[in-house]
Amino acid sequence: MRHGLLRNVEGIPKLVCGASGIAHHAQDFATARLSKSVYAISATSSFDEFLEPAANAALPLYASPAILVEHEGLRLDTGTPGPMRAPGEASGSAALEVAMDEAYEACGMDPLAFRMANYAETEPGSGRPFSSKALRDCYAEGAKRFGWSKRPLQPRQMRDKNGFLVGWGMGTAVFPCPHFPASARATLRADGSALIETAGADMGQGAWTALAQIGAEALGLDPAQVEFRSGISTLPDGGIAGGSGHTASAGQALHEAGHDAIATLTALAVNDPESPLYGAGNIGIAARNGRLHRRDDEGRSETYAAILARAGMREVVGTAKTARDPAAAAAYAMYSHGAVFAEVTIDPDLGQIRATRLVGAFAAGRIINPLTVRSQYYGGMIWGASFALHEEAVTDRRTGRIMNADLAEYHVPVNADVPSLEAILVPEEDAFVNPIGVKGVGEIGITGTVGAIANAIWHATGVRVRRFPVRIEELLPALG
């Protein structure tokens with residue numbers, strides 16, 4: 001089975017992906033296994049180079065005895081493209097998830113059952129174990145909340161009270177967990193408060209809220225007692241604010257800097273005969289609520305302020321420069337996972353498409369701030385709906401110029417376009433991705449949503465989507 005996808009560039013092949021070959025016996029669902037050949041063409045300019053690694057989306061997801069991934073660059077007389085959120089994974093997973101639905105249809109299986117039959121216990125492209133993978137829980141939670149068990153197998157079986165066609169589709173979400181070198185500084189002050197610092201941008205994703213929480217936790221303080229400074233280039237380098245890796249990268253640096261400050265404070269206390277913690281070096285000390293406690297005797301403790309005052313010091317400073325453990329990176333495949341379930345309604349006379357309901361369940365390691373994480377998932381799913389149904393850059397074939405370079409003509413969704421969103425935070429612990437167990441959440445919501453909406457459109461109409469955004473004219477012949 002070959003699958004092609006053209007995205008967002010009128011008349012120019014931005015991406016063509018193939019997902020081929022179901023090696024199975026049609027009546028034997030247990031052996032409905034995939035062999036995949038994935039080929040991507042990326043457009044770049046005639047004077048520069050940027051290639052979107054779209055075919056790589058096939059490497060981490062579904063178990064297969066044979067995977068072939070190829071990329072080709074096509075030079076055009078246009079501007080050089082650049083990375084857009086979920087670069088490669090968004091477009092590649094859209095093609096892959098539509099191809100997976102075509103495969104399940106050939107097997108006569110439920111889409112979720114087919115994906116479970118091809119569930120990868122280890123990373124298919126490398127054979128490495130996953131550092132953690134709660135994708136089964138994502139499937140189960142999302143399907144339960146969505147009501148997936150009520151979905152008829154064949155298309156064009158459901159209508160709403162207005163007579164509109166209704167379709168249900170799903171897509172698997174996946175995104176790698178990058179980790180960038182980062183630095184941070186933590187200062188414990190004589191009044192019991194603290195200052196934590198790392199450079200980096202907060203573009204609205206809530207990074208500074210989560211980073212302040214991580215730093216406060218490492219120092220054993222309430223966030224209200226901690227001053228957080230960022231966004232200034234003279235501060236320690238907090239790493240790249242992008243790639244769904246900023247919280248993990250800068251967060252680990254703040255975590256280690258906080259521990260370094262606590263270690264310095266601990267040394268002052270356990271070596272001071274006047275401290276109730278004197279001599280406790282081998283026993284261990286815990287930092288909690290602005291106090292150091294002996295691990296063997298919780299009653300023997302002392303405030304940070306008291307330790308500094310007796311030492312005649314105004315502050316102690318901890319620093320850290322961190323990066324991902326190379327051994328862990330070599331030994332484990334590290335990804336966030338999820339499952340998105342979509343409902344669409346389609347006017348049978350006009351072909352107008354509405355994404356009326358999206359339910360996403362995601363597992364991304366330890367969640368520092370559920371409110372900001374849920375907002376990131378909402379944003380990702382909205383952006384996925386935008387990819388599937390709205391956004392398209394129209395290029396003048398004579399000049400290579402973008403013809404719809406303003407929001408009057410470049411369409412993005414508004415609230416009425418995505419009326420119902422639900423994001424489920426699936427618990428997951430990861431001891432290998434980094435010391436704080438944090439993965440990225442910013443882009444994963446896009447990767448499952450595009451395919452889920454495309455598959456829901458097929459379920460409503462019987463029309464397979466191989467181009468985004470989906471156009472009304474592609475549906476009208478089948479609606480006739």
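Ile 457 is in contact (heavy atoms within 4.5 Å) with Val 344, Ile 346, Ile 353, Leu 389, Gly 462, Val 463, Val 465, Val 470 and Leu 475, leaving aside its neighbours within four places in sequence. This is a predicted model, in which local features need pLDDT of at least 70 and side-chain atom pairs count only at pLDDT 80 or more, while totals for chains, interfaces and linings use all residues. Residues are numbered from 1 along each chain as its sequence is written, and side-chain values use heavy atoms, with hydrogens and water left out. Helices (H or I, at least four residues) and strands (E, at least two) are DSSP runs numbered from the N terminus.

**Nonpolar cores**

- A nonpolar core is a set of buried Ala, Val, Leu, Ile, Met, Phe, Trp, Tyr and Cys residues joined through side-chain atoms within 4.5 Å; buried means under 20% relative accessible area, exposed over 50%, and partly exposed in between (1.4 Å probe, protein chains only).
- The largest core has 41 residues, of which Ile 346, Ile 453, Ile 457 and Phe 468 touch the most other members.
- At least two residues of this core come from each of helix 1 (89–107), strand 7 (165–176), strand 15 (335–346), strand 16 (353–363), helix 8 (370–389), helix 9 (444–461) and helix 10 (472–479).
- Helix 9 provides the largest share of this core, nine residues.
- Another core, of 37 residues, lies apart from it and includes Ala 210, Ile 262, Ile 307 and Val 316.
- In soluble globular proteins, nonpolar side chains tend to be buried together.

**Helix 1 and helix 9**

- The axes of helix 1 and helix 9 come within 8 Å and cross at roughly 40 degrees; axes are lines fitted to C-alpha atoms, for helices over the stretch in contact, and angles run from 0 to 180 degrees between N-to-C directions.
- The two helices are therefore oblique to each other, given that angles under 35 degrees count as roughly parallel, over 145 as roughly antiparallel, 65 to 115 as roughly perpendicular and the rest as oblique.
- Helix 1 passes helix 9 in a right-handed crossing, meaning that the near helix is turned clockwise from the far one by less than a right angle.
- By class, this contact of helix 1 with helix 9 has eight nonpolar, four polar and four charged residues; Ala, Val, Leu, Ile, Met, Phe, Trp, Tyr, Cys and Pro count as nonpolar, Asp, Glu, Lys and Arg as charged, and the others, Gly among them, as polar.

**Helix 4 and helix 5**

- The axes of helix 4 (residues 207–219) and helix 5 (residues 246–270) come within 8 Å and cross at roughly 25 degrees, which makes helix 4 roughly parallel to helix 5.
- Helix 4 passes helix 5 in a right-handed crossing, and their contact has 10 nonpolar, seven polar and no charged residues.

**Individual buried residues**

- Ser 249, found in helix 5, is buried with a relative accessible area of 0%.
- Beyond its neighbours within four places in sequence, Ser 249 contacts Pro 178, His 179, Phe 180, Ala 182 and Thr 322.
- Glu 197 lies in strand 9 (residues 194–197) and is buried, with a relative accessible area of 5%.
- Not counting residues up to four places away in sequence, Glu 197 touches Ala 184, Arg 185, Arg 229, Leu 235, Pro 236 and Leu 254.
- Ala 55 is placed in the loop between strand 4 (36–45) and strand 5 (67–76) and is buried, with a relative accessible area of 0%.
- The C-alpha atoms of Ala 55 and Ser 37 are separated by 9.1 Å, the two residues being 18 residues apart along the chain.
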